[in-house]
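Please look at the sequence and the 3D structure shown here, and then work through the questions and answers that follow.

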Amino acid sequence: MAGKVKWVTDIEKSVLINNFEKRGWVQVTENEDWNFYWMSVQTIRNVFSVETGYRLSDDQIVNHFPNHYELTRKDLMVKNIKRYRKELEKEGSPLAEKDESGKYLYLDFVPVTYMLPADYNLFVEEFRKSPSSTWIMKPCGKAQGKGIFLINKLSQIKKWSRDSKTSSFMTQSTKEAYVISLYINNPLLIGGRKFDLRLYVLVSTYRPLRCYMYKLGFCRFCTVKYTPSTSELDNMFVHLTNVAIQKHGEDYNHIHGGKWTVNNLRLYLESTRGKEVTGKLFDEIHWIIVQSLKAVAPVMNNDKHCFECYGYDIIIDDKLKPWLIEVPVPCDLAPGHPTASLRSCPAPTLRPQAGVGGDEGGRMRTDDQVNASPSLTSSTANDRILKYNLINDTLNIAVPNGEIPDCKWNKSPPREVLGNYEILYDEELAQGDGADRELRSRPGQSLGPKGSRLRDAGRTVLTTWK
Amino acid sequence: MLQEESDLSLIIAQIVQKLKGSNLYAQLERQAWASLQRPEIKLESLKEDIKEFFKISGWEKKLQNAVYSELSVFPLPSHPAAPPEHLKEPLVYMRKAQGSWEKRILKSLNSMCTELSIPLARKRPVGEQKELLNKWNEMGTDEPDLSLFRPVYAPKDFLEVLINLRNPNYENGDSLSFRTHLGLIQVPLKVKDIPELKEFFVELGLTTGQLGIDDSTQVPPELFENEHVRIGQKVLTEQDSAAAQQYIRQGSPTALRAELWALILNISSHPEDILYYEQLKTNVIQHDLLVDSLIYKDVKLTASNDDYYFVFEDYLYQVLLCFSRDTSVLSHFAYNSASPPKSYIRGKLGLEEYAVFYPPNGVIPFHGFSMYVAPLCFLYHEPSKLYQIFREMYVRFFFRLHSISSHPSGIVSLCLLFETLLQTYLPQLFYHLREIGAQPLRISFKWMVRAFSGYLATDQLLLLWDRILGYNSLEILAVLAAAVFAFRAVNLMEVTSLAAAEKCNFILKIAAY
């Protein structure tokens, strides 16, 4: 049936709307019959909530998994990864192998993290082991660098110890919930500046896991030179790479936005460090993305109406080891951006956070429980093009041929529509290759040069490990 | 026969003369003395034994590389009676044009100086010196007020000068014929035609593998890439400059490029070189030059806004500020048609004893100058090495892009080559563009002057510069410029204005190689 796809969104962003319109799709409201709903994280909660949720029919697709917060909330992500590691260890899987000091050989990709206030005592124990270390405090429910600060003394976080309630994550006191992680104070510096990597990953299904990596990720640089000196611990321009923070810096440049493409990074590293170590670094990055998805796959509600595009934030340290920082979902409005118009979404009225608001005035909208996330806002012209193409390629994969979706399809798009995406991991394909592959390939072990590297559509699927 | 022999001995004598003053000579001498300890060196056959020792220990190779380097850089001596100006530039009218262009630049610089009442140079007070030393690694932040400074000149100003170049001995008549050159350059220099270019660039032929094309993901690496990389590693192990130069004509693997370029340019980082760089740094700290502000302004206007190079902003200051104080650069003026500007100590105008070269390296930066350095930051992150590589690239190649000369790699010849190629092989396009007031050279000039830096994606730019090094010639820039027009010919035929033509070619940055 060649009806036109009917779309709804509660996010007024041109990169989205232009993509819908160019496919000839028809805009409708959420009360009408729709096929495709690009929704904010608030809305997804309503759609799938026990009280108000509704059943989606076979020709309806949404852009979030119901409990995506298992991955996108900082504390839950860490919890899931820890659980996954323990499970592997119990099974005796070689992936969970540890070295002499008890560190996981292949699964040590998240900095040591604790939840506060719940794990306060555990944290103190760890802190005392290396008292000169720096830790980073991040509020669970916020994004774009808001509320983050660094500490190097226990006294700076005393107030979390006084809270004796061990609350569950879904109640009121989550507004005080923080994660505290060991700060990576030896990041790889280029031009003396700290940067992080933002990579986009599309997941079409969790079981079997099928995910795609967008080839055009980027690096975000700080405008100020990095220094680990304790006197600059408060200077967020040195430490936080979020564009939302950096763009208020004196030296922020609106032409390039402090961003580099991942290809530039690759060229630079290959030229200055060599091809092997660079290849190894990128293999490891792919590895940690896939492992993190595998970690949440068992708990993720693999609703067939869903797909999701995540933005992975990764930091590389000066030993060329990648660390997973967090996985926000790029979908919300960025407060204060000139092209953003506030749309009220069908969600319960939100109370503004204490201490939040600041220079953004009343236009900001934050969320109690779920990460407000990095945005579809474009800070530069290049950015706009990137986000437009990202949405375009995402839609091509999620909604094949731009036709009315049918959730019964096998979610296996043909190679040609991938655009700038590449298959990162396809569990079905991987399993079909035989179980003996599992032991052969590990990140860091030398594979054939084409074995596990991200390559064009003409080559084999990315990974050979399970 | 006799002439050739005497030419050869002249060349040998010159090179020996040059090398005698170099570091390498001192090292060889030391090595020779030290080798006397070795058991295989016998007094009876001292000369042969030492020669043999040098061969085995790799010193002969170093000497070979040094000789090769000299041959590549210095033009061969011509007629023994030729005055030194001939080495700079044999044609009188070119020399004259360069001279008057220099006068204009200097005038512009001096008037800026007077307007702003800033001295050309001054010693920094101690407090300021300390501050600068602290800020050495982040000079990009907190810059001085540069709003009153303007670049001394921009490429388009230079283009106007080139357009007006005329050979007073050349009469081509007023009548138009099919031989009439349609382009902007109206001087009769000899440029290569396609058959000659094909021969010159034989390694770039369709049947030879190239990096950047034949190592793309669609091509199995066994066909070309693997072997090429293996040869590259071998070349590096042998440390042979000439072999490296030959090898790089097919492009350099990214991981080997930094070393290969250093080998070809004969740069090795000895403690003396690092010390020299530190000395230059001290000069920067102690004295402030007017050109420093010009450099600052240029970096802020160009590299800081470039999405490939903004990361390296601070390196650019560290290199360029030192460069302008490096008097060793003055030696390249022996074969550069340009001459370093002279300045006089205050109050002593005209008195030769009080003349100094200004800036100390004799090179006045123009708008876009910092883009010569920027791509190198992708290869070298050690400031003194980065500095050495840049300096050598400048005195071998880049200086030709902004001085008026008849050299085949000089900008005048490149422009003429570009226009001739276009007119010969795409006459319809050339005519059309000319008719709509979009002379092709007006679009491609800035690409060539900057050696495409900032106009090509870095990985492609480095592949292009590989070929500049490999062929020891800048002609590839003109060929590439013409190729871009050929590539865009269909679109260009449809445009109706210069602005549209510019836009059409702007996609160069993402265009195919």
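Q: Which residue takes a positive phi just after α9(A)?
A: Helices here are DSSP runs of H or I with at least four residues, strands are runs of E with at least two, and both are numbered from the N terminus. Just after α9(A), a positive phi of about 110° is found. The residue that takes this phi in the predicted model is Gly274(A).

Q: How many of the twelve residues of α9(A) are buried?
A: A residue counts as buried under 20% relative accessible area, as exposed over 50% and as partly exposed in between, with a 1.4 Å probe and protein chains only. Among the buried residues of α9(A) are Val262(A), Leu265(A) and Tyr268(A). The helix is largely enclosed by the rest of the structure, because the number of its residues that are buried is nine.

Q: How far apart are the end C-alpha atoms of helix α9 of chain A?
A: The expected span of a helix is 1.5 Å times one less than its number of residues. For the twelve residues 262-273 of this helix that gives 16 Å, and the model agrees, since the end C-alpha atoms are apart by 16 Å.

Q: Which residue forms a salt bridge with Arg220(A)?
A: A salt bridge is a side-chain nitrogen of Lys or Arg within 4 Å of a carboxyl oxygen of Asp or Glu, and in this pair the closest N and O atoms are 3.0 Å apart. Arg220(A) lies in strand β12 and its partner in strand β14 of chain A, so the pair ties together parts that are 93 residues apart in sequence. Both residues are buried, and the partner of Arg220(A) is Asp313(A).

Q: Is Asp292(B), which forms a salt bridge with Arg124(B), buried or exposed?
A: The closest N and O atoms of this pair are 3.8 Å apart. Arg124(B) lies in the loop between β1 and α7 of chain B and Asp292(B) in helix α14, so the pair ties together parts that are 168 residues apart in sequence. With a relative accessible area of 4%, Asp292(B) is buried.

Q: Which residue takes a positive phi just after α20(B)?
A: Of the 14 residues of α20(B), 13 are buried, so this helix is largely enclosed by the rest of the structure. Just after α20(B), a positive phi of about 50° is taken by Asn472(B).

Residues are numbered from 1 along each chain as its sequence is written, while chains are lettered from A and ligands numbered from 1 in the order in which they are written. In this predicted model, local features need pLDDT of at least 70, side-chain atom pairs count only at pLDDT 80 or more, and totals for chains, interfaces and linings use all residues, while side-chain values use heavy atoms, with hydrogens and water left out.
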